[in-house]
Amino acid sequence: MNVFDMLAEQRYLDWEKKVSAPGYQPPPPVSKTAIRKSYEGYVYGEVLAHLDKAAETDNTRKQQEYLQKARQLELQLVILLEKRNMPHAMTTLRHAIRLRRQAVLERARSTPASASAKPAT
């Protein structure tokens with residue numbers, strides 16, 4: 001038996017003695033585990049956030065800036081997913097982004113342009 005096995009066995013015996021002792025109180029259960037999000041998940045969230053900002057603004061110039069930034073982030077997301085060899089996730093997320101972008105553009109077409117929006121020079 002090597003040294004590591006002996007140490008592991010000793011730790012196990014110590015733990016077993018501690019648990020079987022009278023009056024032992026187990027630690028309280030963890031109420032909530034930490035939620036981790038991948039970098040791709042953060043990028044996807046940023047794309048959706050920029051599309052939502054574009055939907056909320058009345059200024060056409062700002063709306064175009066938000067849509068452009070969302071497009072750049074979407075491209076970054078596609079590259080990340082291709083590098084990780086995740087074509088199904090890429091297809092699914094691009095479809096969801098496309099639907100959100102269409103909703104934003106339809107909302108922009110249905111509302112008249114704001115008087116505060118200035119044409120680009």
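**Helix α3 and its neighbours**

In this predicted model, the axes of helix α3 (residues 60-83) and helix α4 (residues 87-110) come within 10 Å and cross at roughly 170 degrees; helices are DSSP runs of H or I of at least four residues, numbered from the N terminus, and axes are lines fitted to C-alpha atoms over the stretch in contact, with angles running from 0 to 180 degrees between N-to-C directions. The two helices are therefore roughly antiparallel, a term for angles over 145 degrees. Residues are numbered from 1 along each chain as its sequence is written, and side-chain values use heavy atoms, without hydrogens and water. Local features need pLDDT of at least 70 and side-chain atom pairs pLDDT 80 or more, whereas totals for chains, interfaces and linings use all residues.

Contact (heavy atoms within 4.5 Å) joins α3 residues including L67, A70, E74 and L77 to α4 residues including L93, R94, I97 and R101. By class, this contact has twelve nonpolar, one polar and five charged residues.

Within α3, Q63, L67, A70, L73, E74, L77, V78, L80 and L81 are buried, that is, under 20% relative accessible area with a 1.4 Å probe, counting protein chains only, and their cover includes α2 and α4. On the α2 side, E40, which lies in helix α2 (residues 39-56), counts as buried because its relative accessibility is 10%; leaving aside neighbours within four places in sequence, E40 is in contact with L77, L80, L81 and R84.

Technical notes:
Angles under 35 degrees count as roughly parallel, over 145 as roughly antiparallel, 65 to 115 as roughly perpendicular and the rest as oblique. Ala, Val, Leu, Ile, Met, Phe, Trp, Tyr, Cys and Pro count as nonpolar, Asp, Glu, Lys and Arg as charged, and the others, Gly among them, as polar. Buried means under 20% relative accessible area, exposed over 50%, partly exposed in between (1.4 Å probe, protein chains only).
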